[in-house]
Amino acid sequence: GALRRALQRAAASTELQADPVYRSDLTEVLALSPKERAALYLAEIEGYRFHEIGPMLGCSEVSARKSASRARAHLRLSLATEDPR
């Protein structure tokens, strides 16, 4: 059930279009790959451990951990280089 809900949320989030006038953190999250977004969501929001996330995403624990780590790095970089409005 958790995997299905996470995949539905990830798929639905790619259908959203951010308002180009208002730049929010959602824009950066939508720029992540679906796997990175799902790994980050499952770890940070749902509280799953990476040994649980790996099988949910069809990958190893290490791969799930790397996906979440890459997502955090991408978010840090995009938020640090964002020009304030």
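Here are some friendly notes on the predicted model shown above.

1. **Ground rules.** This is a predicted model, with local features needing pLDDT of at least 70 and side-chain atom pairs counting only at pLDDT 80 or more, while totals for chains, interfaces and linings use all residues. Residues are numbered from 1 along each chain as its sequence is written, and side-chain values use heavy atoms, leaving out hydrogens and water.

2. **Overall make-up.** The protein has five helices and zero strands, giving the order α-α-α-α-α from the N terminus on. Helices here are DSSP runs of H or I with at least four residues, and strands are runs of E with at least two, numbered from the N terminus. Of the 85 residues, 31% are buried (under 20% relative accessible area, with exposed over 50% and partly exposed in between, using a 1.4 Å probe and protein chains only).

3. **Surface and contacts.** Among contacts with a separation of 6 or more, 55% join residues 24 or more positions apart; contact means heavy atoms within 4.5 Å.

4. **The α3 and α4 pair.** Helix α3 (residues 34–45) packs on helix α4 (residues 50–57) at an angle of about 145°, and their axes are 10 Å apart. The axes are lines fitted to C-alpha atoms over the stretch in contact, with angles from 0 to 180 degrees between N-to-C directions. On the α3 side, K35, A38, A39, L42 and A43 meet F50, I53, M56 and L57 of α4. These contact residues divide into eight nonpolar, no polar and one charged (Ala, Val, Leu, Ile, Met, Phe, Trp, Tyr, Cys and Pro count as nonpolar; Asp, Glu, Lys and Arg as charged; the others, Gly among them, as polar).

5. **The core.** Eleven residues form the largest nonpolar core, including A2, A6, A39, L42, F50 and I53. Helices α1 (2–15), α3, α4 and α5 (61–80) each give two or more residues to this core. Such a core is a set of buried Ala, Val, Leu, Ile, Met, Phe, Trp, Tyr and Cys residues joined through side-chain atoms within 4.5 Å. Beyond its neighbours within four places in sequence, A6 is in contact with Y41 and L42.

6. A71 lies in helix α5 and counts as buried because its relative accessibility is 0%. Leaving aside neighbours within four places in sequence, A71 is in contact with L32, E36 and L40. K66, also in α5, counts as partly exposed because its relative accessibility is 47%. K66 and E36 are 30 residues apart in sequence, with 8.5 Å between their C-alpha atoms.
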